[in-house]
Amino acid sequence: MGFSVSAAFAILAIGAMVSFGLLYTTFENSYTSIQGAEYYHQNQLIKQQNAKLELSSYSYNTSSLVALYDVTFNLTNRGTTLEPGRWSFIYDGVYDNTSVTVQNVTYLFPGASVTVTVQDVPKNASVQSLIVNTEVGCSLMIKWIWNSTTSSPQVLNTAWYCPVGG
């Protein structure tokens with residue numbers, strides 16, 4: 001006539017075990033994902049805290065007949081290994097990957113140098129700026145002008161800065 005109490009209890013018990021199994025798997029996957037994200041975040045913070053680029057020298061190329069010049073900055077890595085292929089550039093306040101080129105190297109190891117060239121810079125007295133954004137979130141800013149007395153570019157200052165992580 002009907003369902004027995006023991007059969008109904010068995011169905012409910014099996015349903016509860018399946019539900020518990022699914023919940024346990026879901027919670028375990030979530031916990032593993034969170035642990036992985038925390039590890040990645042800590043790794044990035046360590047890289048960021050140990051990263052350091054500095055301007056070691058610069059040169060330029062021009063002709064007296066043109067009102068433009070190219071300036072090449074030699075940047076030395078004083079910190080953790082970096083990947084220049086993942087860098088982006090802000091030239092005079094504009095995101096720019098057309099007039100700024102970086103030497104084609106896969107990794108920039110500690111103590112090694114890489115060149116970054118800004119092309120077609122106008123020969124005028126206005127301050128030029130380049131921000132090299134690294135893949136770890138830190139940036140090197142370089143400011144320079146065209147010195148008409150010496151007919152060459154002159155670096156005014158450089159700054160290395162990293163956002164506060166946490």
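**Guide to the predicted structure**

From the N terminus on, the elements of the protein follow the pattern α-β-β-β-β-β-β-β-β-β, which amounts to 1 helix and 9 strands. Helices (H or I, at least four residues) and strands (E, at least two) are DSSP runs, numbered from the N terminus. This is a predicted model, in which local features need pLDDT of at least 70 and side-chain atom pairs count only at pLDDT 80 or more, while totals for chains, interfaces and linings use all residues. Residues are numbered from 1 along each chain as its sequence is written, and side-chain values use heavy atoms, with hydrogens and water left out.

The overall dimensions come next. The C-alpha trace of the protein spans about 105 × 30 × 25 Å along its principal axes. Its radius of gyration is 28 Å, whereas a compact globule of 166 residues would have one near 15 Å; the radius is taken over C-alpha atoms, and the globule rule is 2.2 Å times the number of residues to the power 0.38. Of the 166 residues, 28% are buried, that is, under 20% relative accessible area with a 1.4 Å probe, protein chains only.

An open sheet of 5 strands has the order β4-β3-β7-β8-β9, with antiparallel pairing. At its edges stand β4 (94–95) and β9 (152–161), each of which pairs on one side only. Two strands pair if DSSP finds at least two bridges between them. Strand β8 (residues 139–147) pairs with β9 in the antiparallel sense over 9 bridges, and leucine 140 stands opposite tryptophan 160 in β9.

Technical notes. Buried < 20%, exposed > 50% of the residue type's maximum accessible area, 1.4 Å probe, protein only.
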